[in-house]
Amino acid sequence: MEKIADIKAKLQALQPEEIKAFITEYEADERGGVVSIVNSAQKKLDAYEKELNRMEQMKFFEKKYAEYSYICGIDEVGRGPLAGPVVTAAVILPKDCNLLYINDSKKLSEKKREELYDQIMETAVAVGIGYNSPERIDEINILQATYEAMREAVSKLSVTPDLLLNDAVTIPGVEIKQVPIIKGDAKSISIAAASIVAKVTRDRLMVEYDEIFPEYGFASNKGYGAQMHIDAIKKYGPTPIHRRSFIKNFM
């Protein structure tokens, strides 16, 4: 008779799509340890099927506009911080994309974002990233700077999209058909993928800035208005990456 420890090890080595067959194989085994393992397997299967269903819902807009060959999701990160650039991403995923756990980047842990970033960059048909500096943000305001960065992200794609799915906005100066979607990073796999790429890109950049300006806590606050950050501005003054129009009340 197969040892319980071996059955447990077998479950741990399975891919999610293999769990159903595992349950069928061992559900008649009445040993308490095996019953517990089968119950654990069922919970994993239920969670996997729930995620499959969620991801199908995340593909609603991609399926609605399936007649378009290259659907591009666009999102931004960094409109609110006191320091650092605004970063945008444009992502074209393949039609048969089967990545799981993609979601609004704010709903994911840092570890999960990093994992998904690598998967997206490996799987995507094309990825473009746009930036706009604190100086430019001060010059033309954050909204216009974000639009510029979005146009840059689209221009850097190696494949020209024929439809843009945007998180809430319509980008001026772009001739490609656009569909703005309120809270799109939680409703569209393409926009969510863009939000992850933009977030990871900007966070990594702010960690690098933390090494140059360690007093401001950029590695932890990413340039947002945490109390430690505000106190550092008052004590040390602004850095070259601070947005002067955002920090005038703290100067």
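**Close-up views of strand β1 and its surroundings**

**View 1. Strand β1 meets strand β4.** Strand β1 and strand β4 (residues 163-167) run parallel and are joined by 4 bridges. Two strands are said to pair if DSSP finds at least two bridges between them. Within this pairing, Gly73 has Leu165 of β4 as its bridge partner. Helices (H or I, at least four residues) and strands (E, at least two) are DSSP runs, numbered from the N terminus. The model is predicted: local features need pLDDT of at least 70, side-chain atom pairs count only at pLDDT 80 or more, and totals for chains, interfaces and linings use all residues. Residues are numbered from 1 along each chain as its sequence is written, and side-chain values use heavy atoms, with hydrogens and water left out.

**View 2. Strand β1 meets strand β2.** Here β1 pairs with strand β2 (residues 86-92) in the antiparallel sense, over 6 bridges. Look for Val77, whose bridge partner in β2 is Val87.

**View 3. The two sides of β1.** Is β1 enclosed or open? Strand β1 (residues 71-77) has 7 of its 7 residues buried, so it is largely enclosed by the rest of the structure. Buried means under 20% relative accessible area, exposed over 50%, and partly exposed in between (1.4 Å probe, protein chains only). Ile71, Gly73, Asp75 and Val77 point one way from the strand, while Cys72, Ile74 and Glu76 point the other way. In a regular strand the side chains alternate between the two faces of the sheet.

View 4. Tyr68 sits in the loop between α4 (60-64) and β1. Which residues does Tyr68 contact, leaving aside its neighbours within four places in sequence? They are Lys95, Asp162, Leu163 and Lys177, where contact means heavy atoms within 4.5 Å. The C-alpha atoms of Tyr68 and Leu163 are separated by 6.6 Å, although these residues are 95 residues apart along the chain.

**View 5. Stepping back to the chain.** The C-alpha trace spans about 75 × 50 × 25 Å along its principal axes. Of the 251 residues, 47% count as buried.
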